[in-house]
Amino acid sequence: MAADYLLRQGHRSIAFVSPPEYTNDIIQHRIKGFIDKLAEYGLQIPKENRIVLESAIELESANKAVQVIIEIKQSVIAAFITSDQTAASIISDLTKRGIRVPKEISIVGFDNIPISVQTSPQLTTIAQDLEKKASLAVDILNNRMKSPNASAESHVLDIDLMIRDSVAKHC
């Protein structure tokens, strides 16, 4: 959904920022979905545009990602960041360095946590129903405790695109 939106806004050179994909299946699904959508447009993410964070929660990791974005900025006009918390840190750091979001680089996050409306500009993000996700996790855990040998469960929940101010139309 994020890739589709960025592509519809005219962006063709896009960075993908996430923790290492081996950390969990969720990141692997996000990467695959993003790459698959780009492929529909005949595009791919060049190796240098795939920014892997050392940590999804440490500010220093987001700051290192900003340094990479600055280094490739001539070729990148948008970035999808797999966490709103990291996206907020990156927007803040870009702003401190004089890089204007979305005028110079568009940003899309993922989660739709409260910080997404506290950033300046407000973050365009993918929203997921965190209450439903938590409830489903509890149900799966209860089922697993009742039947420890049952097969693993995997569910895909609905998401929505929350269009705010961090993406500009690229001509």
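Guide: Here is a walk through the salt bridges, beginning with a lysine. First the ground rules: this is a predicted model, where local features need pLDDT of at least 70, side-chain atom pairs count only at pLDDT 80 or more, and totals for chains, interfaces and linings use all residues. Residues are numbered from 1 along each chain as its sequence is written, and side-chain values use heavy atoms, with hydrogens and water left out.

The structure holds eight salt bridges, each being a side-chain nitrogen of Lys or Arg within 4 Å of a carboxyl oxygen of Asp or Glu. Let's start at Lys64, which sits in helix H3, residues 59-72. Helices here are DSSP runs of H or I with at least four residues, strands are runs of E with at least two, and both are numbered from the N terminus.

Lys64 has a salt bridge with Glu54, 3.2 Å from N to O. That pair ties together distant parts of the chain: Glu54 is in the loop between strand E2 (50-52) and H3, while Lys64 is in helix H3, ten residues away. Going C-alpha to C-alpha, Lys64 and Glu54 are 9.0 Å apart in space.

How open are these two? Cut-offs for relative accessible area, with a 1.4 Å probe and protein chains only, are under 20% for buried, over 50% for exposed, and in between for partly exposed. Glu54 counts as exposed because its relative accessible area is 63%. Lys64 has 39% relative accessibility, so it is partly exposed.

Lys64 also has a salt bridge with Glu60, at 3.6 Å from N to O. This one stays inside helix H3, with Lys64 and Glu60 four residues apart, about one turn of the helix.

Now hop over to helix H2, residues 25-40, where Glu40 and Lys37 both lie, three residues apart, again about one turn of the helix. Those two form a salt bridge, and their closest N and O atoms are 2.9 Å apart. Glu40 is exposed because its relative accessibility is 59%, whereas Lys37, at 22%, is partly exposed.
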